[in-house]
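Dear colleague,

Here is the structure that I promised to pass on.

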Amino acid sequence: MILETLMFQHSQFVVPMTDTEREYHGYTPMDYDADSDADEVYQRCLSYLLTHAPIERGDTVVDIGTGTGIVALELASKCDHVVGRDIYDEWLRYAREKAEQRGIENVSFGHGSFREPNIDEPVDIVIASYALYMAYDEGGEDELRAAIDGLSSLNSRCVVVADKMRFGPMHYPNDYETLPPMGTVANLLVDAGFSLTDIEIISESVGVIIATR
Ligand SMILES: C[S@@+](CC[C@H](N)C(=O)[O-])C[C@H]1O[C@@H](n2cnc3c(N)ncnc32)[C@H](O)[C@@H]1O
């Protein structure tokens with residue numbers, strides 16, 4: 001299900017396939033990077049995140065749901081180090097390869113989930129980019145709350161959610177993903193002890209919320 005959701009994240013680039021084709025059609029980390037590169041909304045969201053996340057030089061930043069490490073690798077030059085976590089080990093391997101190829105040494109990638117990020121060190125900022133919506137898609141508000149509580153347990157001073165979320169009524173429901181309303185994400189962050197310092201609408205289904213303690 002995660003793979004289908006990833007493919008349909010950049011749905012305008014996906015040629016319709018039958019179920020059988022989909023079963024045998026591997027969607028690789030390279031495909032994901034190429035689609036992300038070509039996705040204008042994704043790029044605007046990334047650009048907003050990079051310019052507005054309140055990251056300081058000495059910070060430890062966690063990129064949760066890091067995938068192929070696009071955001072983690074971009075953030076590496078802005079802080080002390082970045083820790084990328086994901087549940088998809090194949091994509092983590094690819095993210096590590098990219099870091100090595102680019103000679104970026106202050107990023108590490110390892111297994112960890114929203115609920116159990118698997119991080120022992122103190123964390124300054126948590127970033128979730130195009131990832132948290134998957135918790136809602138999988139288990140609705142309860143799962144999203146558990147995910148946000150998991151991130152909150154890292155006790156960072158700030159959480160930046162640059163993600164798919166609904167800013168209006170659901171016009172085009174589809175079988176592949178159900179997006180959380182922006183208000184639900186915002187309320188859950190407040191329930192977890194954060195104040196909202198910035199909300200930016202990137203498109204009707206993508207936005208950035210910056211939440212601080
Ligand atoms: C669409 S990708 C986004 C990757 C990256 N953050 C970006 O902006 O390109 C979503 C990622 O979230 C990961 N993910 C899904 N559920 C997760 C969970 N419960 N805990 C951690 N990561 C999860 C997926 O494995 C996938 O790599």
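This is a predicted model: local features need pLDDT of at least 70, side-chain atom pairs count only at pLDDT 80 or more; totals for chains, interfaces and linings use all residues.

Residues are numbered from 1 along each chain as its sequence is written.

The chain's secondary structure comprises eight helices and seven strands, where helices (H or I, at least four residues) and strands (E, at least two) are DSSP runs numbered from the N terminus. The chain has 213 residues, and 40% of them count as buried; a residue is buried if 20 or more other C-beta atoms, placed from the backbone, lie within 10 Å of its own, exposed if 12 or fewer, and partly exposed in between. Among contacts (C-beta atoms, placed from the backbone, within 7 Å) between residues at least 6 apart in sequence, 65% join residues at least 24 apart.

Around the ligand there are 21 residues, of which G65, G67, Y88, S113 and S129 come nearest; a residue is near the ligand if its C-beta atom, placed from the backbone, lies within 6 Å of it. Two or more residues of this shell come from each of α1 (2-9), α5 (70-75) and α7 (133-152), and α1 gives the most, with three. By type, the shell divides into 13 nonpolar, seven polar and one charged residue, with Ala, Val, Leu, Ile, Met, Phe, Trp, Tyr, Cys and Pro taken as nonpolar, Asp, Glu, Lys and Arg as charged, and the others, Gly among them, as polar.

Helix α7 deserves a separate paragraph. Its end C-alpha atoms span only 16 Å, whereas a straight helix of 20 residues would span 28 Å, the expected span being 1.5 Å times one less than the number of residues. α7 bends by about 135° at G139, where the bend is the angle between axes fitted to the seven residues ending there and the seven starting there. Its buried residues are Y133, M134, A135, Y136, L144, A147, I148 and L151.

The largest nonpolar core has 59 residues, and those with the most contacts inside it are V126, I127, L132, V159 and V160; such a core is a set of buried Ala, Val, Leu, Ile, Met, Phe, Trp, Tyr and Cys residues joined through C-beta atoms within 7 Å. α7 gives the most to this core, with eight residues. Leaving aside neighbours within four places in sequence, L132 is in contact with G65, F114, L144, A147, V161 and D163.

Some single residues follow. L49, in helix α4 (residues 40-52), counts as buried because it has 23 C-beta neighbours inside 10 Å. Y94 lies in helix α6 (residues 89-102) and touches P29 and T68, not counting residues up to four places away in sequence.

N118, in the loop between β3 (107-111) and β4 (125-129), has a positive phi of about 65° although it is not a glycine, and it counts as exposed because it has 10 C-beta neighbours inside 10 Å. Y130, in the loop between β4 and α7, has a positive phi of about 50° and is likewise not a glycine, but Y130 counts as buried, with 23 C-beta neighbours inside 10 Å.

With best wishes

How values were computed. Two residues are in contact if their C-beta atoms, placed from the backbone, lie within 7 Å.
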